[in-house]
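Trainee: Please take a close look at helix packing in this model, then go on to what surrounds it.

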Amino acid sequence: MIDSRLIADGAQVRRRRQCLFCHERFTTFEIAELIMPLIVKRDGRREAFSLDNLRAGMLRALEKRPVSVDALEEAIVIIMQKVRHNGEREVDSRQVGEWVMEQLYRLDHVAYVRFASVYKRFKDVSEFRQTIDQMKNETNF
């Protein structure tokens with residue numbers, strides 16, 4: 001191990017490591033595995049919270065955008081904290097989606113619009129325009 005530090009307000013450990021055989025360097029992120037509430041989907045199904053699904057959805061929205069892995073991981077930790085601190089055994093997927101959009105808005109506005117278009121099921125260009133106009137009014141681009 002080369003370096004180890006706490007990130008995301010101490011909720012995650014970032015470690016820089018080096019392979020003993022090939023000497024290649026890589027980074028690992030470690031989090032405590034805690035019991036997470038079930039996610040209630042739009043159709044009423046309940047499924048276990050999936051960190052992989054959360055990360056994959058955010059990565060899709062952030063594809064080819066200038067956002068660091070550290071910033072993404074920090075956003076994921078914030079979302080997971082909100083899910084856990086909700087205090088319920090079940091969390092509506094729409095609420096998780098709102099938390100994801102908050103973090104994407106903070107990280108990258110293009111990623112936010114990408115995610116919102118799928119999450120809110122935009123039907124035409126006018127819904128994109130409306131979202132972008134709303135962002136302009138809120139942030140004074």
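Mentor: Helices are DSSP runs of H or I with at least four residues and strands are runs of E with at least two, numbered from the N terminus. Axes are lines fitted to C-alpha atoms, for helices over the stretch in contact, and angles run from 0 to 180 degrees between N-to-C directions. The model is predicted, and local features need pLDDT of at least 70, side-chain atom pairs 80 or more, while totals for chains, interfaces and linings use all residues. Residues are numbered from 1 along each chain as its sequence is written, and side-chain values use heavy atoms, without hydrogens or water.

The part to look at is the packing of helix H1, residues 51-62, on helix H3, residues 93-107. On the H1 side, the contact (heavy atoms within 4.5 Å) is made by Leu54, Met58, Ala61 and Leu62. H3 contributes Val100, Gln103, Leu104 and Leu107. Seven of these residues are nonpolar, one is polar and none is charged; Ala, Val, Leu, Ile, Met, Phe, Trp, Tyr, Cys and Pro count as nonpolar, Asp, Glu, Lys and Arg as charged, the others, Gly among them, as polar.

Helix H2 spans residues 69-85, so to the eye the next step is the nonpolar core, a set of buried Ala, Val, Leu, Ile, Met, Phe, Trp, Tyr and Cys residues joined through side-chain atoms within 4.5 Å. The largest such core has 27 residues, and Leu54, Met58, Val83, Val100 and Leu104 touch the most other members. H1, H2, H3 and helix H4, residues 109-119, each supply at least two residues of this core.

Three strands form an open sheet in the order S5-S4-S6, with mixed pairing; two strands pair if DSSP finds at least two bridges between them. Strand S5 (46-48) and strand S6 (90-92) are the edges, each pairing on one side only. From one strand to the next, the twist averages 35°. Strand S4, residues 38-40, runs parallel to S6, and three bridges join the two. Within this pair, Ile39 stands opposite Val91 of S6. H3 packs on the sheet, where it touches S4 and S6, and its direction makes about 65° with that of S6.

A further open sheet has the order S1-S2-S3 and antiparallel pairing. S1 and strand S3 (25-30) are its edge strands, and neighbouring strands are turned by 20° against each other on average, direction ignored. Strand S2, residues 12-18, pairs with S3 over six bridges, and Phe26 of S3 is the bridge partner of Arg17.

Glu73 lies in H2 and counts as buried, because its relative accessibility is 5%; buried means under 20%, exposed over 50% and partly exposed in between, with a 1.4 Å probe and protein chains only. Not counting residues up to four places away in sequence, Glu73 touches Gln12, Phe29 and Arg55. Asp3, in strand S1 (residues 3-7), is partly exposed because its value is 25%. Beyond four places in sequence, Asp3 is in contact with Arg14, Arg15 and Arg16.
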